[in-house]
Amino acid sequence: MSVWNYVVTAHKPTNVTHSCVGNFTSHQELNLIVAKCTRIEISLLTQQGLQPMLDVPIYGRIATLELFRPHGEMQDFLFIATERYKFCVLQWDAETSELITRAMGDVSDRIGRPTDNGQIGIIDPDCRLIGLHLYDGLFKVIPFDNKGQLKEAFNIRLEELQVLDIKFLYGCLKPTIVVLYQDNKDARHVKTYEVALKEKDFVEGPWSQNNLDNGADLLIPVPPPLCGVLIIGEETIVYCSANTFKAIPIKPSITKAYGRVDADGSRYLLGDHAGLLHLLVITHEKEKVTGLKIELLGETSIASTISYLDNAFVFIGSSYGDSQLIKLNLQPDAKGSFVEVLDTYVNLGPIVDFCVVDLERQGQGQVVTCSGAYKDGSLRIVRNGIGINEQASVELQGMKGMWSLRSSTDDPFDTFLVVSFISETRILAMNLEDELEETEIDGFNSQVQTLFCHDAVYNQLVQVTSSSVRLVSSISRELRDEWNAPSGYSINVATANATQILLATGGGHLVYLEINDGKLTEVKHVQLEYEISCLDINPIGENPNSSQLAAVGMWTDISVRIFSLPHLNLITKEQLGGEIIPRSVLLCTFEGVRISYLLCALGDGHLLNFQLNLSNGELTDRKKIGQLSFIVSNKKLLYSNVNLKEVGHMCPFNSAAFPDSLAIAKEGELTIGTIDDIQKLHIRTIPLGEHARRICHQEQSRTFAICSLKNQSSADESEMHLIRLIDDQTFDFISTYPLDTFEYGCSILSCSFSDDTNVYYCVGTAYVLPEENEPTKGRILVFVVEDGKLQLIAEKETKGAVYTLNAFNGKLLAAINQKIQLYKWMLREDGTREFQSECGHHGHILALYVQTRGDFIVVGDLMKSISLLIYKHEEGAIEERARDYNANWMSAVEILDDDIYLGAENNFNLFTVRKNSEGTTDEERGRLEVVGEYHLGEFVNRFRHGSLVMRSPDSDVGQIPTVIFGTVNGVIGVVASLPHEQYIFLEKLQSSLRKVIKGVGGLSHEQWRSFNNEKRTAEAKIFLDGDLIESFLDLSRGKMEEISKAVNVSVEELSKRVEELTRLH
């Protein structure tokens, strides 16, 4: 049963909703504070750019984010208000680098209609009060006392019901607001009011201005000495004050964001809906405004917020594209732009659709999203694993092995990179220009293939070739000693550390040498019954330079053996089973882990790991992992995929120019790269320059198909809707099918039909005509991919918008406006095919989301929640079996198992319903019972079954079913259905964590996660917050112990259990 669910974020929100700049962490430091809906990030502006200081979750959706400085304070405070009417004032504590809550409260009213245009929160420039417009017709005031503390809030009635914007004016004796509003004839006006704090009422303000631009919707208050306000419209910009009125016309545009450049407010940056950045200048003589000028600076992402930092550096926060740090140059570049992008911050929002695919066919899901909007639309390929950032690369063919060497024993950095080929060895070194160039080590034999190299004690280097072991001085680079293989034998495999060499010759001979100053000594030689395939003597005991154990992999009996050094006595023998020989073995321990491991890679790319007991050489706890290429550790073994295709060889290369890098040999190329942060999602961006709205993958043709819309740059702003075919390896457009004028692509599906071997793309469309409220006409188009082209082979007209398409028992199920319709794929006499309507089901307001399983159909309705239909084969009919009678405005649905269905709705909640098959009456059976409720705080656009991680079958989480979701804020999350006993344990852990981890600003986790819509609020049930549970791993030891006592489980065991959960994403 998928009743007990664990909800966790795999990719945090990246949509920047607010930003502000000020001296928050100290009075000398300039900070940028960015809100990403449910998180705030605080950065410090340094010479090197923005340096992150803090990134914390907020238990609420941020509606207002403002910095202010109460009287007598040295640095700024941060005011935050949330969409659920909570507010807090935060202060930075420099000693602990944490946020302190100075004030908090609830500003909700029992009655009142929430504003349509979103909440407005503003702070009086002289810090006399905070003003909030939360409900139509009311203005809420939170006054400050003279010590800067907040007093009790009160409401003032506001005559204007349709408020577009409110700001405080500067330079007024009494706190004064300016209100931009629309009257009942749709005309727009501006009015000013003084706030009389004693009387708790408004007094008519000093001026007003009637009949503004019809598109006016933004006010910018201008600071002293000029004061007054700028009113930004779609076709004009107006400056207004008690005695001045100036206006200029502008090219039609919708201004989304503004940022003030100078403290005196004479220059502003404006960002519009097309991503154009303008500079607005108020020209003035002393304090008299003489006019306005506007100048185009260049193009950025579509801005949702603009923060001018300092010295021409500007932060552009975006909801529709990547956020940017830009510099404004005095001189334009070749394209006439003054904007230079210095840094880009990836944003996946809004994720309108996505699919889960395994493009590399390695059993690991990747998510391909339709992200961004308008010109900033893109596809993003999101996968789990380690990224390698390429620092340098050189073309080389036929590499057989690679090792890094230092030029002296105590040198902190590597100097040489030895690369071996079939009949030669080449040595590369870093020159003064930090470039790799070829060099010589005289004592090395460079005419043959090298089998192994290593640094050795006494400033020596070791080179092993098939005929000998050479000991070379790393300073003079001359040969100091050589051990030759016995005649008739050649060395097949070898390994070494700083003081020991172990090698194998044909016939199963194993030879152990020791390295001294200028001398190689053969210490021991044994003969084994089979040939040796791989060796390792990496020191993992007390002594960093020598090992007491040797690991040996064998041909024929396919085993791994552990021998003691120096005597080469056999301690342990482990049969690996199967046919595949061990190709590489490694003895290792990781920092912070007191356990040693033996890792063994097989010839087919699988990896085995054993725990190794150093005192007796025993191997225990065997695990097998799929084709992986990397192991990392953060107090535990974690496996991670590396985002590289075929890798032949690699070795660490820690040079001064490239610290902590890896040298990687791929087919024909040697790359030096650094490792990205481990265990996080890696995102590859495919910019489209248009808005992809639906996506689906077709395994057979190795393609994606998307429905997208492109804005024509012509004056009439017309849109073109397209179906595009994309290669799933190169992500190039390979074919395009334009839709008709006014025709939108609404749904897309790859499927096949009964009695037809072809695989098709089916597209559902709607004709969205300006004069219609609801589309009355649409089409279903059927394409086949031939020679990389989309060929239309059938089309069917429909009487409405085709919101979704599903493959259903070899037929096509379509949701068209209010109706669910089933089509059969029929062969005509002339050999062509067409859809024939078989049956349907009415009774929805708009059937927007449909999922199927067997004969069951689950429908998510525009406003009537979830209903369950069943297809009856005998009657050839679709009937309603049960429904949820609550009013939920759905945004996505998914089937978790036969009886449990998951839904997301437009108040940012998740809920699950259960089919009640055991009910005694028809009425009971006809009701879908709500079992789980949870406030996600995110608008979900799509659920899909799948996983972002390699599932190792022997781990506890390998068997847990997961559903991935994508949201408007760019969150990728996972809903995992847990076994009941695990759920019970984690629920106990969650309630203990709630007591120990306090929300920023005193916001309550319990209230935040409670299900909440216009009608009711209810505690979350049978959903767990994985983000809270996994934050256990970041706690201090003391807090961990506090929780360990509360749940009566040791800290180690708790950590282990929570770490297992982190492997779900």
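These questions and answers cover helix packing and domain layout in a predicted model.

The model is predicted: local features need pLDDT of at least 70, side-chain atom pairs count only at pLDDT 80 or more, and totals for chains, interfaces and linings use all residues. Residues are numbered from 1 along each chain as its sequence is written, and side-chain values use heavy atoms, leaving out hydrogens and water.

Visitor: How far apart are the centres of domain 2 and domain 3?
Guide: Domain bounds come from an automatic or database domain assignment. Domain 2 covers 354-384 + 683-978, and domain 3 covers 394-644. Taken over C-alpha atoms, their centres are separated by 52 Å.

Visitor: Which word describes how α2 lies to α5?
Guide: Helices are DSSP runs (H or I, at least four residues), numbered from the N terminus. Axes are lines fitted to C-alpha atoms over the stretch in contact, and angles run from 0 to 180 degrees between N-to-C directions. The axes of α2 (residues 980-996) and α5 (residues 1037-1047) come within 10 Å and cross at roughly 135 degrees. Angles under 35 degrees are roughly parallel, over 145 roughly antiparallel, 65 to 115 roughly perpendicular and the rest oblique, so α2 is oblique to α5.

Visitor: Which residues of α5 does α2 meet?
Guide: Contact means heavy atoms within 4.5 Å. From α2 come Lys 988, Leu 989, Ser 992, Leu 993 and Val 996. Their partners in α5 are Lys 1039, Glu 1042, Ile 1043, Ala 1046 and Val 1047.

Visitor: How does α5 lie to α6?
Guide: The axes of α5 and α6 (residues 1051-1062) come within 9 Å. They cross at roughly 95 degrees. Therefore α5 is roughly perpendicular to α6.

Conventions: Helices (H or I, at least four residues) and strands (E, at least two) are DSSP runs, numbered from the N terminus.
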